[in-house]
Amino acid sequence: MKRNKIALTGVALLAAGTLALAGCAGGGSGSTDKGDTGSNAKADPDAIITTNGSEPENPLIPTNTNEVGGGKILDEIFAGLVYYDADGKPVNDMAEEIVTEDPQHLTIKLKKGQKFTDGEEVTADNFIKAWNEGAKASNAHLSSYFFEDIEGYNAETDSPLTGLKQVDDYTFTVALNKPASDFALRLGYSAYYPLPDVAFEDMAAFGENPIGNGPYMIGGDGWQHDVQIDLVRNDDYQGGRKAQNGGLTIKFYATQEAAYADLQGNKVDVIDAIPAVSLPTFQDDLGDRAVNQPSAVFQSFTIGQFLPHFSGEEGILRRQAISMAFDRAQITEKIFSGTRTPAADFTSPVIAGWSDEIPGNEVLQYDPEKAKELWAEADKISPWEGTFQIAFNSDGGHQEWVDAVTNQISKNLGIEASGAPYPTFAQIREEVNNRSIKTAARSGWQADYPGLYNFLGPLYATGAGSNDGDYSNPEFDAAIKAGIGNTDADAQVKDFQKAQEILFKDLPAIPLWYSNVTGGYSENVDNVTFGWNSVPLYYEITKAAE
């Protein structure tokens, strides 16, 4: 399959190229190699591939979706300027060329003849209108933060993105309000997808039945809430992700155990999560069809700055105490059977520039005596009262680790600690987003694009869209601002490490571990590849005719 290269010229080439994922080597019995069931049967080009997923939190609007369930669907029904291949490298999709003139100015040229599934041609205006809609303050879209580097962005009042200028139907320019040397690398993320004109007639209705321009489109029985969503191949899509199958059905399983049982019975074709109880045995159970490989996924739990006892100096002491009160190495080995790695920073080892030697990361080491001392210091400021809880979604396989973490916190700090289960991911996210959550809450980050900044700015910058705990520190903001504007790759990494030193003191989130993607596929499919961000490349999967 022929793929065009993304054109990055000028001073941004070094930084963007260096931040690109170095590679996602296979581990265990799974790898980035194509899966092969050994079947000699001819592939059916119209076969439907089935997989696991979760009910999206919101209607499917690209700029208002920042969770995995909805993002998985959007990435199949939309095509952006670029997409990321299995190794995390950007490949032109709707873009013919992206020229970075300097860290603040880009010129983007589109391919002609690309269409939405309603027949409308994809033009520069579709990107400009979509980005303005996502950035509009009154819309309060969850991913509006991704436009904050563009001239004209205003988080408080409605203001057009004056940095977007249409040159002709297929060309537009982007002027940034400050240097952002990895901006071109970001453009494969769903927040930057285009929207057809029909979306602006009734955005709420559009979100329930979106019209995209990607390798798939909604078909069959469509979106059956809390059950599944049916996608069918879009034959008009001409990009590098041309579907080799007839469609994709994403089933919203209530538990990981149910999805794994269906996989073992060949009732689902591919899953990207293995329940904790099956981690010790799944590679033996599935053999060559098991997948266990590094991915750009960071896990944590967030303690909101707005919670009692967790603000100011008292909050810093209590966060550090909690972080040192449980044994990450023991939990990852006993519960996850080595499919997780204890965190040493706030990013991911598969991203270029990662380091496990950042000053301050000793706060992630198990030290119950130090934890007790820190907790006692906090009690001198304000005596502790109540129960410490970590909210989690029961449909995501989190019960075991939450129980282990809270049991150790309870034992080592001498307080009551427990999990707070929610039936679904959507329910817990609703409370997190409207700040009605009364406890700490499990959190994590699946990278939007392969760069260190993506693990830092969107989660911890003041006012960032995924800043669940309302963390704010001007020193941190200054450090990441310096990093993103730095065109020297090595110096940029140092800026981001300085930012992480600040995070290790404040601990707006408590790092837990890095996740391998653990999954598998049935005996019915071939050509299965899991990408750098843990998501299967569904468009490549083939299935034998029945």
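1. Which helix gives the most to the lining of the largest pocket? That's helix 14, with four residues (helices are DSSP runs of H or I, at least four residues, numbered from the N terminus).

2. A quick caveat: this is a predicted model, where local features need pLDDT of at least 70 and side-chain atom pairs count only at pLDDT 80 or more, while totals for chains, interfaces and linings use all residues. Residues are numbered from 1 along each chain as its sequence is written, and side-chain values use heavy atoms, with hydrogens and water left out.

3. The largest pocket has a volume of about 650 Å³ (the space filled by probe spheres set on the grid points). A pocket here is an open set of points on a 1 Å grid over the protein atoms alone, where a 1.4 Å probe fits, with protein on both sides within 12 Å along at least five of seven lines; lining residues have an atom within 4 Å of a point.

4. Its lining counts 31 residues, with Tyr 145, Thr 462, Gly 463, Ala 464 and Gly 465 nearest the centre. They split into 13 nonpolar, nine polar and nine charged.

5. Back to helix 14 (residues 474-484): its axis comes within 8 Å of that of helix 15 (residues 489-506), crossing at roughly 165° (axes are lines fitted to C-alpha atoms over the stretch in contact, with angles from 0 to 180 degrees between N-to-C directions). The two are therefore roughly antiparallel (over 145 degrees).

6. The second largest pocket comes in at about 170 Å³. Of its 13 lining residues, Pro 308, Phe 310, Trp 384, Thr 387 and Lys 438 lie nearest the centre.

Key: Angles under 35 degrees count as roughly parallel, over 145 as roughly antiparallel, 65 to 115 as roughly perpendicular and the rest as oblique. Ala, Val, Leu, Ile, Met, Phe, Trp, Tyr, Cys and Pro count as nonpolar, Asp, Glu, Lys and Arg as charged, and the others, Gly among them, as polar.
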